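Here is a short walk through one protein model.

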Amino acid sequence: MGAAAQRAAEESEEWAGVTPDAARRLVSAAVEAFAERGYHATTTRDIAGRAGMSPAALYIHYKTKEELLYRISGIGHEKALRIMGAAAEAEGSATDRLRDAVRTFARWHAEHHTTARVIQYELQALSPEHYTEIAGLRRSTDRLLRQIIQDGADSGEFRADDVPGTTLAVLSLCVDVARWFSADGPRTPDEVGALYADLVLRMVGAQ
C-alpha cells in the first residue's frame, strides 16, 4: 500500500464514529486545514471546499468552526485516554505497563500525527467550556501515566524521585512526536514507539 493510500485508510478508521458521511468528510477536511494553515487562518469556506461541499452545507452539521475543533479534540483525546487506560489496567509489572503505555502513545502520535498536531497545539482556540472539558480528559490521561510511574517508584523498579515531573516529561516527549513525524521519514510509527519506550525506561532507571 502506498503512503497516500495508507494515510487515507488511517483517516477513514480514525473518523469511523463520525456520522453521517458528510460530517465525517468535514471533520477530515478540518483536520487537514487546521494542520496546514492553523485554526485562526482557516475559514469555514476552506473546510467546505476541501470536503467538496458548499459553505452553507457545513452549517447543517457544525454551527461554527470552533465546534469542529471541539469534535476533533474530543475524539483525539478520548482515544489517547483509552490508550493510556489499557496500559494502566493491564497485568504485569510497572516496567511492562510503562513500556506498553509509551510505545502505544508515541506510536499513535506518529500514525495520526496530523490529528495529534491539531489537538495538541490548537487547544487555546476552544471556547472556555469546551477547553475545560478537554482539559479534564488530559488530566485523566496524566493521572493514569503518573500512577504507573508511582507504582514503579514504590516497588523499586524505577528511580523517580519527582513522579509528577517525570510524568510531564514523558508525556511531553510522546506528544512532540506529532510535531516532527513525517510519513515519508526514515522511521515507521512502530519504530518510533519502540524507540521512545526504550528511552523512557532508561529515563526512569528501570531495573
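Begin with helix 8, which is built from 28 residues. From its first C-alpha to its last, helix 8 reaches 40 Å. That is close to the 40 Å expected at 1.5 Å a residue. Bear in mind that this is a predicted model.

Now look at which parts of helix 8 are hidden. The buried residues are H130, I134, A135, G136, L137, T141, L145, I148, I149 and G152. Look at the spacing of the numbers in that list. An α-helix has 3.6 residues a turn, so residues three or four places apart point the same way. What do the buried residues of helix 8 pack against? They pack against helix 5, helix 6 (94-111) and helix 9 (163-175). Just after helix 8 comes G156, with a positive phi of about 90°.

Take the first of these partners. Two packed helices are described by the angle between their axes and the distance between the axes. Helix 5 covers residues 65-89, and helix 8 covers residues 128-155. Their axes come within 9 Å and cross at roughly 15°. Angles under 35 degrees count as roughly parallel, so helix 5 and helix 8 are roughly parallel to each other. Their crossing is left-handed.

Which residues make this contact? From helix 5 come E66, Y70, S73, G74, H77, E78, A80, L81, M84, G85, A87 and A88. Helix 8 answers with H130, E133, I134, L137, R138, S140, T141, L144, L145 and I148. Sorted by class, the contact of helix 5 with helix 8 has 11 nonpolar, seven polar and four charged residues.

Helix 6 is the next stop. It has 18 residues, which should span 26 Å at 1.5 Å a residue. The end C-alpha atoms of helix 6 are 25 Å apart, which agrees. Its buried residues are A94, T95, R97, L98, A101, V102, T104, F105, A106, W108, H109 and A110.

Now move to another pair. Helix 2 (residues 21-37) packs with helix 7 (residues 113-121) at an angle of about 70°. Their axes are 9 Å apart. Angles of 65 to 115 degrees count as roughly perpendicular, so helix 2 is roughly perpendicular to helix 7. The crossing of helix 2 with helix 7 is left-handed. On the helix 2 side, the contact is made by V31, E32, F34 and A35. On the helix 7 side, T114, T115, R117 and V118 take part. The contact of helix 2 with helix 7 counts four nonpolar, two polar and two charged residues.

Next, follow the chain into the loop between helix 2 and helix 3 (44-50), where G38 lies. Is G38 buried or exposed? The cut-off for buried is under 20% relative accessible area. At 17% relative accessibility, G38 therefore counts as buried. G38 and V118 are 80 residues apart in sequence, yet their C-alpha atoms are 8.2 Å apart in space. Setting aside neighbours within four places in sequence, G38 is in contact with A33 and E122.

T42 is found in that loop too, between helix 2 and helix 3. With a relative accessible area of 1%, T42 is buried. Which residues does T42 touch, leaving aside its neighbours within four places in sequence? T42 is in contact with A33, F34, R37, I47 and K65. Y131 is 89 residues from T42 along the chain, and their C-alpha atoms are separated by 19 Å.

Methods
Residues numbered from 1 in each chain as written. Predicted model: local features only at pLDDT ≥ 70, side-chain atom pairs only at ≥ 80, totals over all residues. Heavy atoms only, no water. Axes fitted to C-alpha atoms, helices over the stretch in contact; angles between N-to-C directions. Helix = DSSP H or I, 4+ residues; strand = E, 2+ residues; numbered from the N terminus. Parallel < 35°, antiparallel > 145°, perpendicular 65-115°, else oblique. Left-handed = near helix turned anticlockwise from the far one by under 90°. Contact = heavy atoms within 4.5 Å. Nonpolar A, V, L, I, M, F, W, Y, C, P; charged D, E, K, R; others polar. Expected span 1.5 Å × (residues − 1). Buried < 20%, exposed > 50% of the residue type's maximum accessible area, 1.4 Å probe, protein only.
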